[in-house]
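Subject: Structure for your review

Dear colleague,

I am handing over the structure below, and my notes on a pocket and on one strand with its partners follow it. Please read them with the coordinates open.

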Amino acid sequence: MPFPFFGDDKSTVARLLATLPQTGRLEWIGIRPVRREPLVSLPEVEVLTDAHLRGDHARIKPGGKRQITLLQHEHLAAVAGFLGLDAPVEPGRLRRNLVVSGLNLLALKNRQVRIGEEVVLEITGECHPCSRMEEELGPGGYNAMRGHGGLTARIVQGGLIRTGDPVRVME
C-alpha cells in the first residue's frame, strides 16, 4: 500500500495535514529596493500578481516559485537563542519579505493562504539560508538559520497588505 499523501481523503495523514483551523497574523513587511542593501520595513505594500512586492528590486519571471518569501515570527527568538543573543533577531536582518505569527508555515507547504482581504499566495517550498547569514549574523549565522529560513511562495492574486492583517489557510 503506498504512503498516503495530501488529497487522499481516506488517509488519516491527509486529514491531519488538512487540519489548520487557526488564523495567523502578518507581523512585518520588508522590501529590498536595491540588491545587497538593507531591507526597508513598511506598514503596507502592494503585492503584484505573479510578480513581486511593489518597490522590491526582484524581477521575478511569471510563474516563478520564489516571488515572495515568508518567515515564521516565532523563529526570530529561536535563531537569536542559537546565536546567544538576548533579544529576537530583527526581521530585516534575515532578508525575507513577510513575517507571519500564529501559523506553522512549514505546515502550509503546497497550500494557499489569504493575507488580508485580497492577496492569495501559494506556498511553494522552503527558503534555505544562504552564506549572507554569516555576514549579517556573524559566525554561526548560517547554521542558526538552518531549519528556520522560512518559505517561498508564488503570488496567485495581488492587492494591498498591511501589518496586522490576518493570514488564513484556504481550503
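**The largest pocket**

The largest pocket holds about 380 Å³ of space, where a pocket is an open set of points on a 1 Å grid over the protein atoms alone, at which a 1.4 Å probe fits, with protein on both sides within 12 Å along at least five of seven lines, and the volume is the space filled by probe spheres set on points joined across faces, edges and corners. It is lined by 18 residues, the closest to its centre being R32, H57, R66, R95 and R96, and a lining residue has an atom within 4 Å of a point.

This is a predicted model, in which local features need pLDDT of at least 70 and side-chain atom pairs count only at pLDDT 80 or more, while totals for chains, interfaces and linings use all residues. Residues are numbered from 1 along each chain as its sequence is written, and side-chain values use heavy atoms, with hydrogens and water left out.

Both β4 (68–72) and α3 (132–137) supply at least two residues each to this lining; helices (H or I, at least four residues) and strands (E, at least two) are DSSP runs, numbered from the N terminus.

**Strand β6 and its partners**

Strand β6 (residues 112–115) pairs antiparallel with β7 (residues 119–126) over 4 bridges, and antiparallel with β10 (residues 166–169) over 3 bridges, pairing requiring at least two DSSP bridges. In the hairpin of β6 and β7, with 3 residues between the strands, G116 takes a positive phi near 65°.

Best regards
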